[in-house]
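The sequence and structure come first.

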Amino acid sequence: MDSPGHAEHIISLHGLVTGSADIQSILNGVTRFAADAMSKAAGETIDCAVTLRRRKRTATVAGSSEKAVMLDHIEQSLGQGPCLTALDVGHPVLLADVATDTSWPDYSRALAAEGCHSALGVPMDLGETSEAVLNFFAPATGVFTDEIIDEASDFAHVAGSTLRLAIRIESVEQLNADLKTAMATRTVIDAACGVIMAQNRCTHDQAFELLAKASSHRNQKLHDVAADIIAHLGVTPDNSLRFDD
């Protein structure tokens, strides 16, 4: 992967990470770059979609066109096609001709109805917690030659490294957001405990126990009960916490 074209792919794809706000934007950019690169290499118009799956999250789909996204969704709904098979086997899978290939009959008929006559699924290595695959669509047969498949595989390799980086950055940002939320929650609870300590002349542990009991009695989250205490502190300080509600 040392040609000027491949170097351009690397620069463009990694630029997505710094220039995009979220994973969806990055996926959209990846499919646009992929469609453009493969179209130039094949001399035919090729559309591209990508499906990203992460543990405990729904799949994220993006595409270089609305048609590409639609065709990808059809494959997901049918549960058959080169894209899904490529994820299972870990290497590119070709649907060379929807008229003669009998591997995925329902999907082949759906592609043909949309004017697409060949497709290629290329998986990307994202590690143990995520998986993704590029799905290329061509209006004619004979487009995905061995050379084009190799080109698509090279692109997927670079795109995979881009997505791995993007997912790591997103994970760190989510962790920071969770920590900030946890710290804010802890601050509110500690402040509420301070109010209870002052009103009941008790220790912090005793105040926290009273707060926990109020949470249970009211069937409210601990943070919400604490927030109510702080919110009403300046209004009715003598009645900021009742345990018989």
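## Positive phi in the loops

Asn-219 is exposed, at a relative accessible area of 72%; exposed means over 50% relative accessible area, buried under 20%, and partly exposed in between, with a 1.4 Å probe and protein chains only. Asn-219 sits in the loop between α7 and α8 (222-231). Its phi is near 55°, a positive value in a residue other than glycine. Most residues other than glycine have a negative phi.

Arg-201 also has a positive phi, of about 50°, although it is not a glycine. Arg-201 is placed in the loop between α6 (146-200) and α7 (204-218). With 80% relative accessibility, Arg-201 counts as exposed.

## Model and conventions

This is a predicted model, in which local features need pLDDT of at least 70 and side-chain atom pairs count only at pLDDT 80 or more, while totals for chains, interfaces and linings use all residues. Residues are numbered from 1 along each chain as its sequence is written, and side-chain values use heavy atoms, with hydrogens and water left out.

## Overall fold

The protein chain contains 8 helices and 5 strands; helices (H or I, at least four residues) and strands (E, at least two) are DSSP runs, numbered from the N terminus. Along the sequence, the order of elements is α-α-β-β-α-α-β-α-β-β-α-α-α.

Of the 245 residues of the protein chain, 38% count as buried. Among contacts (heavy atoms within 4.5 Å) between residues at least 6 apart in sequence, 58% join residues at least 24 apart.

Helix α2 (residues 23-42) has 20 residues. From its first C-alpha to its last, α2 reaches 28 Å, close to the 28 Å expected at 1.5 Å a residue; the expected span is 1.5 Å times one less than the number of residues. The buried residues of α2 are Ile-23, Ile-26, Leu-27, Gly-29, Val-30, Thr-31, Ala-34, Ala-35, Ala-37, Met-38 and Ser-39. An α-helix has 3.6 residues a turn, so residues three or four places apart point the same way. After α2 comes Gly-43, with a positive phi near 70°.

Met-38 belongs to helix α2 and is buried, with a relative accessible area of 1%. Leaving aside residues up to four places away in sequence, Met-38 touches Ile-46, Phe-136, Ile-148, Glu-151, Ala-152 and Phe-155. Met-38 and Phe-136 are 98 residues apart in sequence, and their C-alpha atoms are 8.6 Å apart in space.

## Strand β5 and Phe-137

Phe-137 is in strand β5 (residues 130-138). Its relative accessibility is 3%, so Phe-137 counts as buried.

Helix α3 (residues 66-78) packs with helix α5 (residues 105-113) at an angle of about 160°, with their axes 10 Å apart. Axes are lines fitted to C-alpha atoms, for helices over the stretch in contact, and angles run from 0 to 180 degrees between N-to-C directions. The angle makes α3 roughly antiparallel to α5; angles over 145 degrees count as roughly antiparallel, under 35 as roughly parallel, 65 to 115 as roughly perpendicular and the rest as oblique. Leu-71, Ile-74, Glu-75 and Leu-78 of α3 make the contact with Asp-106, Tyr-107, Ala-110 and Leu-111 of α5. These residues divide into 6 nonpolar, no polar and 2 charged, where Ala, Val, Leu, Ile, Met, Phe, Trp, Tyr, Cys and Pro count as nonpolar, Asp, Glu, Lys and Arg as charged, and the others, Gly among them, as polar.

Between α3 and helix α4 (residues 82-89) the angle is about 65°, and the axes lie 9 Å apart. Here Asp-72, Glu-75 and Gln-76 of α3 meet Pro-82, Cys-83 and Leu-84 of α4. By class, this contact has 3 nonpolar, 1 polar and 2 charged residues.

## Packing of α7 with α8

α7 and α8 pack at an angle of about 105°, with their axes 9 Å apart. The two helices are therefore roughly perpendicular. In α7, Phe-208, Leu-211, Ala-212, Ala-214, Ser-215 and Arg-218 meet Leu-222, Val-225, Ala-226 and Ile-229 in α8. The contact has 8 nonpolar, 1 polar and 1 charged residues.
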